Structure formats: C-alpha cells, structure tokens
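Take a moment to look over the sequence and the model. Then try each question yourself before you read the reply.

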Amino acid sequence: MFNQYSYKFKFKFLIVFFIILSIAAYRRSFSNLILLYKENIVQREKKALMNNQTPNIKALSTQVARLDKLIGKEGIEKEKIQQEIIDFSVKNSSGISINDLQPIHNFVYDDYQVYTYQVDLTGGYNELLDLTYKFEKQFDFSKIISLTFYTDKKNSKKEILHLKLIFQNYENNK
C-alpha cells in the first residue's frame, strides 16, 4: 500500500502523523498532568501557609486566656456577677458594710458589651484596703477599673470613710 509513495512523501506523512499524535497525547494526558502539577504546587503553598498559621492560633488562644484573666470571665449573667461582688465583699471582710449599690450599667458597641458595676463600701482604711487587694488578686468574675476613697460627715459629728469600687466586664457580641 505504501510502496507507491516516495520516501519524501512518507517522511512528511510521518511528521504530520507525529504532530497529530502529539496533539492528541497532549490533550488526553499531558494537559491534565500539567494542570495537576500546578494544582499540587498551589496546594503545597496553602499547606505551608496553614502550618505557619497554627502557631499564631495557639498564640492567639493564650492571649485570649490572658485577656479573660485580665478583664474578667465571659459568658456569665450580669446579675450573677453583681451577686458575686456582694458575696465576695461579705465573705472577705469584717467591719465593712455596703453603703450603696448602683444598678448595672450596660454599654453596647459594635462587637462587644461593657457591664459596669458600682459599689460603695464603708469601714476602716485597713479593712477597705485589704478587701480591695483581695478583689484584685482573688476575684475573677470582673475586674476593678476604678477605686476612690472619700469621707462623708454625718450630722456634723463623725467622718465616715467610703470606698467606691467600679468593676467592669467585657463580653463579645458575636
């Protein structure tokens, strides 16, 4: 069948046949191989990026735990926190009385809420200072943001020492 054609024609036919087979092989096998190779490179880069992010996630979780310790526990009802403040004051002090307890103030911003608790205590200087220290070191439901000592004269006779404590608790709105 091919005896009647010249070598020059057979060579051209082989070149055309080789090109057609090359195109078919590229479309069937090599193009998929190249795409998979490129996808493999992208996936390896994503994996390396994810592995680099893992220590950051651990660092962030430790920072969140440290901030929770710094600004008070999250996820507790605001009335329970106020009750815990009163209970802690009663259990850890002697000779101190609660003079005034303000209602809970709630401030809402975009991503968080701030609850403010205000307590006015009366008593001796050392007892009030000791209670403040215990609040700062042992009380973890909320943190003191402000304290003020002041005196009040009652009926122009005796001065009474007061301690106004302001606590705040932050909660995430998400």
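Q: Does Tyr 117 count as buried or exposed?
A: Let's start with the cut-offs: with a 1.4 Å probe and protein chains only, buried means under 20% relative accessible area, exposed means over 50%, and partly exposed is in between. This is a predicted model, where local features need pLDDT of at least 70 and side-chain atom pairs count only at pLDDT 80 or more, while totals for chains, interfaces and linings use all residues. Tyr 117 has 0% relative accessibility, so it counts as buried.

Q: Which strand holds Tyr 117?
A: Strands here are DSSP runs of E with at least two residues, helices are runs of H or I with at least four, and both are numbered from the N terminus. Residues are numbered from 1 along each chain as its sequence is written, and side-chain values use heavy atoms, with hydrogens and water left out. Look for Tyr 117 in strand E3.

Q: How far apart are the C-alpha atoms of Tyr 117 and Ser 142?
A: Contact means heavy atoms within 4.5 Å. Leaving aside neighbours within four places in sequence, Tyr 117 has contacts that include Ile 81, Ile 85, Leu 165, Phe 167 and also Ser 142. Along the chain, Tyr 117 and Ser 142 are 25 residues apart, but their C-alpha atoms are separated by 9.0 Å.

Q: How many of the 11 residues of strand E3 are buried?
A: Strand E3 covers residues 112–122. It is largely enclosed by the rest of the structure, because the number of its residues that are buried is 9.

Q: How many bridges join E3 to strand E5?
A: Two strands pair if DSSP finds at least two bridges between them. E3 pairs in the antiparallel sense with E1 (residues 97–101) over 4 bridges, and with E2 (residues 105–108) over 4 bridges as well. E5 (residues 158–172) also runs antiparallel to E3, and the number of bridges joining these two is 11.

Q: How many residues lie between E2 and E3 in their hairpin?
A: The chain has 3 helices and 5 strands, in the order α-α-β-β-β-α-β-β. E2 and E3 form a hairpin, and the residues between them number 3.

Q: What is the radius of gyration of the chain?
A: The radius of gyration is taken over C-alpha atoms, and the globule rule is 2.2 Å times the number of residues to the power 0.38. For 174 residues that rule gives 16 Å, and the chain is well over it, so it is more spread out than a compact globule: its value is 38 Å.

Q: How far is Glu 77 from Phe 13 in space, C-alpha to C-alpha?
A: Glu 77 sits in the loop between helix H1 (7–71) and helix H2 (78–91), and at 58% relative accessibility it counts as exposed. The C-alpha atoms of the chain fill a box of roughly 135 × 25 × 20 Å along the principal axes. Glu 77 and Phe 13 are 64 residues apart in sequence, and in space their C-alpha separation is 86 Å.
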